[in-house]
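Here is a short briefing to read with the structure open beside you. Take it topic by topic, and pick out each residue as you go.

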Amino acid sequence: MRSAPTILHLDMDAFYASVEQASKPSLRGKAVIVGGLGPRGVVATASYEARRFGVHSAMPMAQARRLCPNGACLIPRFSLYREVSDTVMGMLRELSPLVEPLSLDEAFVDLEAGGVAFDAETARAVGERLRADIAAVTGLSGSVGLAGSKMLAKVASEEAKPAGLLLIEVGTERAHLAPMSVRTLPGVGPATGEHLRRAGITTVGELAEAGEDELVRMVGRSHGVGLYRMALGVDERPVVAERDAKSVSVEDTFDVDLHDRVRIRTEVQRLADRCVERLRGSGHSGRTIVLKVRRYDFSTLTRSETLRGPTDDPAVVREAAARLLEAVDTTGGVRLLGVGVTGLADYTQEDLFAFADAMAARAGADDAAAGPAAGVGVAAARADGVAPFGGGSGQGAVDADGGQESHASGEGAGQGPGPVRDGGTGRARGAQQGQGQGAGEVLGEAAGQGRGAGPGRVGSAGAGRVAQEGQEQGAGSRRVGSAGEGQTPREGLSQGQGHGHGQGQGPGHVQGQGQGQGAGSGRVEGAGEGQGSREGHGHGPGQDQVQGAGQAGGQGRSGGGEGVGERSWPAGSDVRHAVYGPGWVQGSGVGRVTVRFEQPGSEPGRVRTFLVDDPELEPSDPMPLVGDRAVGVGGSTAPQGA
């Protein structure tokens, strides 16, 4: 224990909600609830005005809405919170080199190490000056606790809330803690608190009187010894500037339980990519891949796999997560999925052998699935130009990507030739063959890393990167995928023609070019910048699909029917209007979005309503709470409508 209260604990008051109130002047003094807005959203934090109604963090958002129906429920804006947090942490580092952040809104500071305080009087002066500086720069309030140990400094800041300062003099720790509930001490949660209550111990003073031996008998040696020392106010932990991360993870809760196994697998792969992105951002790699699955009945399963060495390769993490998923029963539905990496290291040693084994196993499974089948013509080509052969009458030719050409001929039961070309320039021709009479031809353009490009395998019966299927009545399907964001985009021409004879007579025609315009019996629109995936269906026994991946949203037609994807405007998100300037979304629905035009430091702004697809209204980055662009600092304001 120190001889002076020179350990400071800063805890920003209702941080997320306070940032929202500071950046949205019309919400000052109002009940604000920040968290997920979906059916299964959870409250991240609530302003003190909302807490009077019983709203608190970790509460289901639906319950918070019932308790505080007039509260402003907003999505969190973590980029803005990090920006404000960086400003506050920078102010703390000006006081001392030993700053131990615990989260975005709280940290310990060793004032003695910075040479700014050596006794109670100077420590109190530093704390008061810090609170005033934070309020002047950010407009936010913080609570400060000062004591001779980290535990007591945190206890003091909790007592000082909101916007206060409390100093616990050295030597008075036990008397200060005695009347407090045992739940005040770190590590005493609901279960331990209930166990102690049944033993007649409800306050810290009673905990100290029980003695170390009794506590060890009740809760075990490790926990019992620690509880007794904390009850006496003893905490020797130093302030540590650098804390090593132990794991990196991401997880998502879904509004509706997922039942489709393919969808679940896709979500796990997406989470794995996000996890690796965070892992690389922190400069780490990891050995152990962890999969978390919360099922429909709230039971939570955790599976893990340890690799031979640390990795930050997204393909390796995806493969490991997929293997872990195969061992989990998801029949009843899944409400939450998570992927994490533990066993972190500062270097990378790829598990090349395990990854190669997994890829070889997958290739073997593809080969088995691509074998000859009754009534289906087979044509598989390799990038080295070696072509396998089957039996029947018919042939196909394949051009592989990479500037080299390879040809393959195969035989099947269908009638008519079926050339297939897949080239690096983005041109592909294909025809399907089946037991019926007829041939379909698809001309599509895809480039880069799309499914139809690159050295790969072209097979039949749904196997390989591009699949041809011959069905009993002359029907067939052909699918061409174009590159998504970050890959080589579609060159613009996508045209297909097919005629089939069978149960469904008639031509099927799909045509698309430029930005995805389409014409013919089946319409296709999509495959452009900012577009999502679109499908077009022709008439007749065949089905042609063209799928393009872009950034998000857009509009498209499918099967002659029209549908326009509306832009999403979550409450609390930042927008900018070409005429009225920056604002934020108050709410949206029934094809309309309501926006309040105001910014930090301004007076409460006017409210206007627009169509959700108003071209003059666009999402924007948050206005800074601090810095030259903030109102009241730089002095500039956006134009306001009358």
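Which backbone nitrogen lies 2.9 Å from a polar atom of the side chain of Asp235? It is the backbone nitrogen of Met151. Please keep in mind that this is a predicted model.

**Around Asp235**

- Asp235 sits in the loop that runs between helix H12 (221-231) and strand E9 (247-258).
- Asp235 counts as buried because its relative accessible area is 9%, and the cut-off for buried is under 20%.
- Besides the approach to the backbone of Met151, the side chain of Asp235 makes a polar contact of 2.9 Å with the side chain of Arg237.

**Strand E6 and its two partners**

- One partner of E6 is strand E1 (residues 7-12), which pairs with it in the antiparallel sense over 5 bridges.
- To find this pairing on screen, look for Ile7, whose bridge partner in E6 is Asp110.
- Another partner is strand E5 (residues 99-103), which runs antiparallel to E6 and is joined to it by 4 bridges.
- Here a handy landmark is Glu100, which stands opposite Phe108 of E6.
- The link from E5 to E6 is a hairpin of 2 residues.

**A three-stranded open sheet**

- Strands E3, E2 and E4 make up an open sheet of 3 strands, in the order E3-E2-E4 and with mixed pairing.
- Its edges are strand E3 (43-46) and strand E4 (72-74), each of which pairs on one side only.
- From one strand to the next, the twist averages 25°.
- Strand E2 (residues 32-35) is antiparallel to E3, and 3 bridges join the two.

**Nonpolar cores**

- In soluble globular proteins, nonpolar side chains tend to be buried together.
- The largest nonpolar core in this model has 39 residues. Those that touch the most other members are Leu8, Leu10, Phe15, Leu92, Leu111, Leu140 and Leu146.
- Helix H4 (residues 78-93) gives the most to this core, with 7 residues.
- Leu111 is worth a click: beyond its neighbours within four places in sequence, it is in contact with Thr6, Leu8, Leu95, Val116, Ala117, Ala123, Val126 and Leu146.
- Another core, of 28 residues, lies apart from the largest one, and its members include Leu279, Val334, Val339 and Leu344.

**Backbone spots to check**

- Ala14 has a positive phi, near 40°, and is a residue other than glycine.
- You will find Ala14 in the loop between E1 and H1. With a relative accessible area of 5%, Ala14 is buried.
- Val590 also has a positive phi, of about 55°, although it is not a glycine.
- The loop that holds Val590 lies between strand E27 (581-589) and strand E28 (592-597).
- Lys161 and Pro162 are joined by a cis peptide bond, with omega about -10°.
- Pro162 belongs to the loop between helix H7 (150-160) and E8.

- Glu169 is placed in the loop between strand E8 (165-167) and helix H8 (173-177).
- Its relative accessibility is 39%, so Glu169 counts as partly exposed.
- How many residues apart in sequence are Glu169 and Ser3? They are 166 residues apart in sequence, yet C-alpha to C-alpha they are 9.2 Å apart in space.

Key: Residues numbered from 1 in each chain as written. Predicted model: local features only at pLDDT ≥ 70, side-chain atom pairs only at ≥ 80, totals over all residues. Heavy atoms only, no water. Pairing = 2+ DSSP bridges. Buried < 20%, exposed > 50% of the residue type's maximum accessible area, 1.4 Å probe, protein only. Axes fitted to C-alpha atoms, helices over the stretch in contact; angles between N-to-C directions. Core = buried A, V, L, I, M, F, W, Y, C linked by side-chain atoms within 4.5 Å. Contact = heavy atoms within 4.5 Å. Polar contact = N/O pair within 3.5 Å; in protein donor to acceptor, adjacent residues only side chain to side chain.
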